[in-house]
Amino acid sequence: MSTDHRETAEAEKAAGNGKKPGFFSRIIKKKEKGEPPEAAGSGQPDSAHRHTPDRTVSAPVSGRVIPLSQVPDEAFSSGVLGQGVGIMPDGETVCAPFDGTVDMLSGTGHAIGLRRGDGMSLLIHVGIDTVRLNGQGFQAAVKEGARVQTGDTLIRFDRTFLTQEGYDPTVVILITEPPESRPESLPAGLLSDQEITCATEPDGTVGIGDPLLYLRHREAQA
Amino acid sequence: MKEFKYVIRDEVGIHARPAGLLVKEAQRFSSAVQIHRGDRTADGKKLFALMALGVKCGDEVTVQCQGEDEDEAARALQVFFRDKL
């Protein structure tokens, strides 16, 4: 059985579902052109060209990319919640990186969990230890359970306020569930750090909607 | 089925960090783990479900474990709550 075919079909469905085109579908289209999706599982993750479009996660916020290991909160840097990156934001808006559902929205508006149609789940956590602000400086633009489209504003935050209050405004973006549906019994559903590739060099900058993370195929890690 | 009740003492409740650790602990066991708060219930093995429960300091939660290793799971989770929450 080829999972590639199933995933490709899903990607095509997602790309051509007739909804208003996301503002980075342009990027995705460009990627589709050059390479057959079959090449993506061949275990050579170095080049962006080897990844199928549904394995890209775009940046939900603009700023400077920080390796997860350098995020100053062990809950994130240890990878216990999932793999991903930090972004030191230069803006104050968090946007949906894909069409999906708001699976979780913290009452304080500082963290949001999104689920894509293929099951991939993403946690976006704004700032370090900002749960202690109890919502001050955060404004959620969506509700839990809402369907969102690529580019929709999810959270607005006051970066200056966070900094003034002594909080590190690093936005942590974690893949908490990989795209494949996996048996419930498997531990955590977490990706290893070998399974994702950052689209930028450490300290590189991204704009909202720029490619941020690429996921390797699980087959490739054997 | 094994269950226990616990009143949260952590001042910010079950936010990302403890939720992640709790999920990891719950996933060590084959038993189903459910966390109840008021009339809401979350799968203790799912991060978003647990975070969405919005458990705060002073809230009482009921933890239910059901399955082959429910005794062990309930014991381990009880220790987890006492130490971390």
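## A covered helix in chain B

The buried residues of helix α1(B) are A16(B), R17(B), P18(B), A19(B), G20(B), L22(B), V23(B) and A26(B); a residue is buried if 20 or more other C-beta atoms, placed from the backbone, lie within 10 Å of its own, exposed if 12 or fewer, and partly exposed in between. The helix spans residues 16–26 of chain B and is mostly covered, with eight of its eleven residues buried. Helices (H or I, at least four residues) and strands (E, at least two) are DSSP runs, numbered from the N terminus.

Both chains take part in covering these residues. From chain A, the cover includes α3 (74–77), β6 (111–116) and β7 (121–126); from chain B, it includes β2 (32–37), α2 (47–52) and α3 (70–84).

## Basis of the model

This is a predicted model, in which local features need pLDDT of at least 70, side-chain atom pairs count only at pLDDT 80 or more, and totals for chains, interfaces and linings use all residues. Residues are numbered from 1 along each chain as its sequence is written, while chains are lettered from A and ligands numbered from 1 in the order in which they are written.

The model scores ipTM 0.81 and pTM 0.75. Chain B averages a pLDDT of 92, and 100% of the residues score at least 70; pLDDT is the predictor's confidence in each residue, from 0 to 100.

## Where the chains meet

The contact takes 18 residues from chain A and 14 residues from chain B. Two residues are in contact if their C-beta atoms, placed from the backbone, lie within 7 Å. On the side of chain A that touches chain B, β5 (100–105), β6 and β7 each supply at least two residues.

Chain A contains four helices and 14 strands, and buried residues make up 46% of its 222 residues.

The largest nonpolar core has 72 residues, of which I87(A), I112(A), L122(A), I124(A), I173(A) and L50(B) touch the most other members. α2(B) gives the most to this core, with six residues. Such a core is a set of buried Ala, Val, Leu, Ile, Met, Phe, Trp, Tyr and Cys residues joined through C-beta atoms within 7 Å. Leaving out residues up to four places away in sequence, L122(A) touches V57(A), P97(A), L114(A), I173(A), L174(A), I175(A) and T176(A).

## An exposed residue

D83(B) lies in helix α3 of chain B. D83(B) counts as exposed because it has 8 C-beta neighbours inside 10 Å.
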